[in-house]
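Please look over the structure below with its helix packing and aromatic rings in mind. A short briefing follows.

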Amino acid sequence: MSTLIIAAMLGSAVLHAIWNVIIKGGTDTLIETAMKNCGGAFAVLFVLPFLPFPLPASWPYLGVVAFIHLGYYLCIAYAYRGTDLSYVYTIMRGSAPLLTALMTVLVLGETIGLSGWMGVLLLSGGVLVLAVDSLRRGCFVLAPTVLAVGNAFIIMAFTVVDGIGVRLAGSAVSYACWEFLFNAIPITAFTLYMRRGQVFRYVKKRWYFGLGGGICSVTAYGISLWAITKAPIAEVAALRETAVVFGALMAVIFLKEKMTLPRLAAVVLVVLGAAALKI
């Protein structure tokens, strides 16, 4: 994996952590999630006229992944209630790389090499140390934990589907933009139904957070899809999980969560994992 791809994916991880912190920082995580998606959809409208259409073979994957993402966003919205971001975010993102690696090797026949597997294991180990630390500190809540584990499987699913779809699209940027447009429809419809009479008052107060989070999300995922066209899916997915480190740091700064020695140890593991991927 080239230095450019690693640097791009670290930037993507920072942006991914930012929009998750925005959602967690709101008083209604479901509306925050829908606002983020609408913000992303609004942003891509200014880009789509200048992009080619994705090739026809990729459109079925765009349709499927939009509904997979509905489950992903609902798990995020409901898992963030009542527990630390660093706990839930770590469980969601930390379990995904191994699942994705297993799926891409068994189903797609990809090989990622010894250093690639070392990177996957080190990165996963780092984020799981964060999870164990959260458990030790008494942050365990059953419902968010179940949702977070379930979301790891959903992340695996849309990573694999997108990995196939973006390679058939002819343009990673075009595929990403159309995906964000489609993703906004199911979660917005669900939120309007569940929060009848509340949505517009809430949006009026925090619309700029939704727009900012949407732009961060579009940019982060677009970088990831581009990277998938240049490197093995499992390695890209593993490097993207460094977002949990940035998320933990942002949670300390903005959400006033505590940083502990095990969390610092997890940062070291993640750095070693990124180094193994580069090798």
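Predicted model: local features only at pLDDT ≥ 70, side-chain atom pairs only at ≥ 80, totals over all residues.

Residues are numbered from 1 along each chain as its sequence is written, and side-chain values use heavy atoms, with hydrogens and water left out.

**Helix packing**
- Helix 2 (residues 29–45) packs with helix 7 (residues 172–194) at an angle of about 145°, their axes lying 8 Å apart; helices are DSSP runs (H or I, at least four residues) numbered from the N terminus, and axes are lines fitted to C-alpha atoms over the stretch in contact, with angles running from 0 to 180 degrees between N-to-C directions.

**Glu 179**
- Glu 179 is placed in helix 7 and counts as buried, with 0% relative accessibility (buried means under 20% relative accessible area, exposed over 50% and partly exposed in between, with a 1.4 Å probe and protein chains only).
- Leaving aside neighbours within four places in sequence, Glu 179 is in contact (heavy atoms within 4.5 Å) with Leu 62, Val 65, His 69, Asp 162, Tyr 221 and Leu 225.

**Aromatic residues**
- Trp 19, Tyr 72, Tyr 73, Phe 158, Phe 180 and Tyr 221 form one aromatic cluster, and both Phe 180 and Tyr 221 are buried.
- Lys 36 lies over the face of Trp 19, at 4.3 Å from the ring centre (NZ of Lys or CZ of Arg within 6 Å of the ring centre and within 35 degrees of the ring normal).

Key: Helix = DSSP H or I, 4+ residues; strand = E, 2+ residues; numbered from the N terminus. Phe/Tyr/Trp six-rings, centres within 6.5 Å; stacked < 30°, edge-to-face > 60°.
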